[in-house]
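Hi everyone, thanks for coming along. I'd like to walk you through one protein model today, so please have a look at it on the screen.

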Amino acid sequence: MDWKGLAMRIIATLCNCWKIIGGFFLLAMLVSPSVWAETITLGGVGSMTPLIKRLAAEYTKKNPGIEISIIDPPIGSNGGIRAISAGRIDIALSGRATSSEEAGQTWPWLQTPLVFATQDGKSKGLSSAEIADIFAGRKTTWDDNKPIRLVLRGEHESETKLLRTLSPAVDVAVGEALKRSDRPIAENDLIAVDMLGKIAGSLGTTNLGLLKTTGSRLTILPLNGVVPSVRSV
């Protein structure tokens, strides 16, 4: 079977059957040059799992001879890339660019803004300086004086790496926050959204695409006076 041609058809169909949003969160697809079976297995970054499930349902309607299996719970970008290198999955969903040493062919697919979200924190918005103060532990309350409760992502997660590029001060503060043992760390994107929705006074990073596809009611906070959206990006 022409695996490369099939891969390109899958990508084209997926992109055509859902409105993809723009921003700055890169998702790469990697396809292994193995013989394709009737079942195509995908896995990787958690923020794409809800969207991929919808797209897979649309794809299989148009291609009844092919089944799509999605690894859930998500295995993350690194896990997806390792799995495709080992030949265990057919398409890996990654929230980061791949290195020259990593196997597979890469297609930039979609982007969405990184956002700061809260369950019920009272704020008109945050500045980069305030973000640095919050992660460093210098700012500990919302505008109504209720405590801010950070939900962190792991040191090697795409969102953490992107967050640390916000400013040198934020970079240092995030590093300090990750060293403290009193901060909850979400293992994947879906767990992060769940924790942000359950913890009173929560604050953490997620992405707009995931919130839209899950119908989340989290409040997205303006950053430096700008409300994150496709248009503002």
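Let's begin at Leu 163. Leaving aside residues up to four places away in sequence, Leu 163 touches Leu 114, Phe 116, Ile 131, Phe 135, Val 170, Val 174 and Thr 205. By touching, or contact, I mean heavy atoms within 4.5 Å.

Before going on, a word on what you are looking at. This is a predicted model, where local features need pLDDT of at least 70 and side-chain atom pairs count only at pLDDT 80 or more, while totals for chains, interfaces and linings use all residues. Residues are numbered from 1 along each chain as its sequence is written, and side-chain values use heavy atoms, with hydrogens and water left out.

Back to Leu 163, and to the core around it. The largest nonpolar core has 20 residues, and Leu 163 is among those with the most contacts inside it, together with Phe 116, Ile 131, Phe 135 and Leu 203. A nonpolar core here is a set of buried Ala, Val, Leu, Ile, Met, Phe, Trp, Tyr and Cys residues joined through side-chain atoms within 4.5 Å. Buried means under 20% relative accessible area, exposed means over 50%, and partly exposed is in between, using a 1.4 Å probe and protein chains only. Which elements give two or more residues to this core? They are helix H4 (128-136), strand S7 (149-153) and helix H6 (168-179). Helices (H or I, at least four residues) and strands (E, at least two) are DSSP runs, numbered from the N terminus. Apart from this core lies another, of 15 residues, including Leu 51, Ile 52, Ile 66 and Trp 109.

Now find H4. Its buried residues are Ser 128, Ile 131, Ala 132, Ile 134, Phe 135 and Ala 136. They pack against strand S6 (114-118), S7, helix H5 (158-163), H6 and strand S9 (202-207). After H4 comes Gly 137, with a positive phi near 90 degrees. Also around here, Arg 138 and Asp 133 meet through their side chains in a salt bridge, 2.8 Å from N to O. For a salt bridge, a side-chain nitrogen of Lys or Arg must be within 4 Å of a carboxyl oxygen of Asp or Glu. Arg 138 counts as exposed because its relative accessibility is 57%, while Asp 133, at 26%, counts as partly exposed.

By this rule there are 10 salt bridges. Another one joins the side chains of Asp 189 and Arg 153, again with 2.8 Å from N to O. Asp 189 sits in helix H7 (residues 189-198) and Arg 153 in strand S7, 36 residues apart, so to speak a link between distant parts of the chain. Buried or exposed, what are these two? Asp 189 counts as buried at 5% relative accessibility, and Arg 153 is buried too, with a relative accessible area of 4%. Salt bridges that share partners join Arg 153, Glu 157, Glu 159 and Asp 189 into one network.

Next, turn to strand S2 (residues 39-44). Since 5 of its 6 residues are buried, S2 is largely enclosed by the rest of the structure. S2 runs parallel to strand S3 (residues 67-70), and 4 bridges join them. DSSP has to find at least two bridges between two strands for them to pair.

Lys 61 pairs with Glu 58, their closest N and O atoms being 3.7 Å apart. Because they are 3 residues apart in helix H2, about one helical turn separates them. An α-helix has 3.6 residues a turn, so residues three or four places apart point the same way. Lys 61 counts as exposed at 62% relative accessibility, and Glu 58 as partly exposed at 28%.

One more residue: Ile 81, in helix H3 (residues 76-85). Ile 81 counts as buried, at 2% relative accessibility. Its C-alpha atom is 8.8 Å from that of Gly 43, 38 residues apart along the chain.

Finally, how far can we trust all this? The guide is pLDDT, the predictor's confidence in each residue, from 0 to 100. The protein has a mean pLDDT of 83, and 83% of its residues reach 70 or more. Confidence is highest in H4, at a mean of 97, and lowest in helix H1 (residues 3-16), at 48. Over residues 11-28 the pLDDT is below 50, and this stretch has 66 contacts in the model beyond near neighbours in sequence. Where pLDDT is low, the predicted coordinates should not be read in detail.
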